[in-house]
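Please look over the structure shown below before reading on. The briefing that follows takes up its sheets, its helices and its pocket in turn.

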Amino acid sequence: MTDLPDVVRTDSQFEIRLDGAVAFAEYRVKGDSIIFPHTVVPDAFAGQGVGKRLVEAGLAYAKAQDLLVRPHCPFFRAYIAKRPELHATVHPDERAALTAA
(Lines give C-alpha, C1' and ligand atoms only; values in the text may rest on other atoms or scores of the structure.)
Protein backbone atom coordinates (compact mmCIF):
# COMPACT_ATOMS: atom_id res chain seq x y z
CA MET A 1 0.00 0.00 0.00
CA THR A 2 1.28 3.45 -0.92
CA ASP A 3 1.59 6.10 1.79
CA LEU A 4 -1.18 8.55 1.00
CA PRO A 5 -1.42 12.20 1.91
CA ASP A 6 -3.80 13.17 4.69
CA VAL A 7 -7.44 13.85 3.97
CA VAL A 8 -8.00 17.61 3.58
CA ARG A 9 -11.34 19.29 4.26
CA THR A 10 -12.34 22.20 2.03
CA ASP A 11 -15.57 24.21 2.12
CA SER A 12 -17.33 21.58 0.00
CA GLN A 13 -15.44 18.30 0.14
CA PHE A 14 -13.00 16.00 1.86
CA GLU A 15 -10.18 15.15 -0.52
CA ILE A 16 -6.94 13.28 -1.03
CA ARG A 17 -4.61 14.45 -3.80
CA LEU A 18 -1.78 12.38 -5.20
CA ASP A 19 0.16 12.74 -8.47
CA GLY A 20 -2.47 14.99 -10.03
CA ALA A 21 -5.38 12.72 -9.12
CA VAL A 22 -8.06 13.76 -6.63
CA ALA A 23 -10.36 11.48 -4.65
CA PHE A 24 -13.16 13.35 -2.91
CA ALA A 25 -16.35 13.15 -0.92
CA GLU A 26 -18.64 16.14 -1.41
CA TYR A 27 -20.57 17.48 1.55
CA ARG A 28 -22.78 20.33 2.62
CA VAL A 29 -24.04 21.35 6.04
CA LYS A 30 -27.72 22.11 6.35
CA GLY A 31 -29.15 22.87 9.76
CA ASP A 32 -28.28 20.08 12.18
CA SER A 33 -27.10 17.74 9.41
CA ILE A 34 -24.23 17.06 7.06
CA ILE A 35 -25.22 15.69 3.66
CA PHE A 36 -22.83 13.48 1.70
CA PRO A 37 -24.21 13.42 -1.87
CA HIS A 38 -21.30 12.12 -3.93
CA THR A 39 -17.91 10.41 -3.63
CA VAL A 40 -15.34 9.87 -6.39
CA VAL A 41 -12.28 7.66 -6.11
CA PRO A 42 -10.21 7.56 -9.33
CA ASP A 43 -8.80 4.26 -10.56
CA ALA A 44 -5.32 5.47 -9.56
CA PHE A 45 -6.40 5.06 -5.92
CA ALA A 46 -7.98 1.61 -6.30
CA GLY A 47 -7.33 -0.86 -3.51
CA GLN A 48 -5.67 1.66 -1.19
CA GLY A 49 -8.57 2.29 1.21
CA VAL A 50 -9.04 5.85 -0.01
CA GLY A 51 -12.84 5.70 -0.03
CA LYS A 52 -12.82 4.40 3.53
CA ARG A 53 -10.49 7.20 4.61
CA LEU A 54 -12.78 9.80 3.05
CA VAL A 55 -15.84 8.36 4.79
CA GLU A 56 -14.05 8.15 8.13
CA ALA A 57 -12.87 11.78 7.81
CA GLY A 58 -16.39 12.91 6.99
CA LEU A 59 -17.89 11.00 9.90
CA ALA A 60 -15.24 12.32 12.31
CA TYR A 61 -16.01 15.87 11.20
CA ALA A 62 -19.75 15.27 11.65
CA LYS A 63 -19.15 13.97 15.17
CA ALA A 64 -16.86 16.87 16.08
CA GLN A 65 -19.45 19.37 14.85
CA ASP A 66 -22.36 17.47 16.47
CA LEU A 67 -24.07 16.98 13.10
CA LEU A 68 -26.39 14.19 12.04
CA VAL A 69 -25.31 12.37 8.89
CA ARG A 70 -27.41 12.16 5.73
CA PRO A 71 -25.59 9.55 3.61
CA HIS A 72 -27.10 10.18 0.15
CA CYS A 73 -23.97 8.81 -1.52
CA PRO A 74 -24.27 5.03 -2.01
CA PHE A 75 -20.69 4.51 -0.80
CA PHE A 76 -21.30 6.40 2.47
CA ARG A 77 -24.64 4.64 2.96
CA ALA A 78 -23.11 1.17 2.40
CA TYR A 79 -20.19 1.91 4.75
CA ILE A 80 -22.54 3.00 7.54
CA ALA A 81 -25.09 0.23 6.87
CA LYS A 82 -22.39 -2.40 7.51
CA ARG A 83 -21.57 -0.86 10.89
CA PRO A 84 -24.59 -0.82 13.24
CA GLU A 85 -22.61 1.18 15.79
CA LEU A 86 -22.75 4.12 13.34
CA HIS A 87 -26.51 4.01 12.72
CA ALA A 88 -27.23 6.44 15.56
CA THR A 89 -25.13 9.08 13.77
CA VAL A 90 -27.56 9.07 10.83
CA HIS A 91 -30.49 11.48 10.76
CA PRO A 92 -33.61 9.64 12.04
CA ASP A 93 -35.43 10.36 8.76
CA GLU A 94 -32.82 8.27 6.89
CA ARG A 95 -32.03 5.39 9.23
CA ALA A 96 -34.60 3.04 7.66
CA ALA A 97 -32.65 3.18 4.36
CA LEU A 98 -29.67 1.58 6.13
CA THR A 99 -31.51 -1.69 6.61
CA ALA A 100 -33.60 -1.67 3.42
CA ALA A 101 -32.80 -4.48 0.98
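This is a predicted model: local features need pLDDT of at least 70, side-chain atom pairs count only at pLDDT 80 or more; totals for chains, interfaces and linings use all residues.

Residues are numbered from 1 along each chain as its sequence is written, and side-chain values use heavy atoms, with hydrogens and water left out. Helices (H or I, at least four residues) and strands (E, at least two) are DSSP runs numbered from the N terminus, and two strands pair if DSSP finds at least two bridges between them.

**The four-stranded sheet**

- Four strands make up an open sheet with antiparallel pairing, in the order E1-E2-E3-E6, and its edge strands, E1 (8-9) and E6 (39-40), each pair on one side only.
- E1 is joined by two bridges to the antiparallel strand E2 (residues 13-18), and the hairpin that these two strands form has three residues between them.
- Within this pairing, valine 8 has glutamate 15 of E2 as its bridge partner, and glutamate 15 in turn has phenylalanine 24 of E3 as a bridge partner.
- E2 and E3 run antiparallel and are joined by six bridges, with arginine 17 standing opposite valine 22 in E3.
- The hairpin of E2 and E3 has two residues between the strands, and in this hairpin aspartate 19 takes a positive phi near 50°.
- Two bridges link E3 with E6 in the antiparallel sense, and here phenylalanine 24 stands opposite valine 40 in E6.

**The three-stranded sheet**

- A further open sheet has three strands in the order E4-E5-E7, and its pairing is mixed.
- Strand E4 (28-30) and E7 stand at the edges with a single partner strand each, so one side of each is left without a neighbour in the sheet.
- Direction ignored, neighbouring strands of this sheet are turned by 30° against each other on average, where angles are taken between axes, which are lines fitted to C-alpha atoms (for helices over the stretch in contact), and run from 0 to 180 degrees between N-to-C directions.
- Strand E5 (residues 33-35) runs parallel to E7 and is joined to E7 by three bridges, with isoleucine 35 standing opposite arginine 70 in E7.

**The two helices**

- H1 and helix H2 (residues 74-81) pack at an angle of about 80°, and their axes are 10 Å apart.
- The two helices, H1 and H2, are therefore roughly perpendicular to each other, a term for angles of 65 to 115 degrees, whereas angles under 35 count as roughly parallel, over 145 as roughly antiparallel and the rest as oblique.
- The contact (heavy atoms within 4.5 Å) involves Gly51, Lys52, Leu54, Val55, Glu56 and Leu59 of H1 together with Phe75, Phe76, Tyr79 and Ile80 of H2.
- By class, the residues of this contact are seven nonpolar, one polar and two charged, where Ala, Val, Leu, Ile, Met, Phe, Trp, Tyr, Cys and Pro count as nonpolar, Asp, Glu, Lys and Arg as charged, and the others, Gly among them, as polar.

**The largest pocket**

- The largest pocket has a volume of about 190 Å³, a volume being the space filled by probe spheres set on grid points that are joined across faces, edges and corners.
- On a 1 Å grid over the protein atoms alone, a pocket is an open set of points where a 1.4 Å probe fits, with protein on both sides within 12 Å along at least five of seven lines, and lining residues have an atom within 4 Å of a point.
- The lining of the largest pocket includes Leu59, Ala60, Ala62 and Lys63, and H1 gives the largest share of this lining, four residues.
- Eight nonpolar, one polar and two charged residues make up the lining of the largest pocket.
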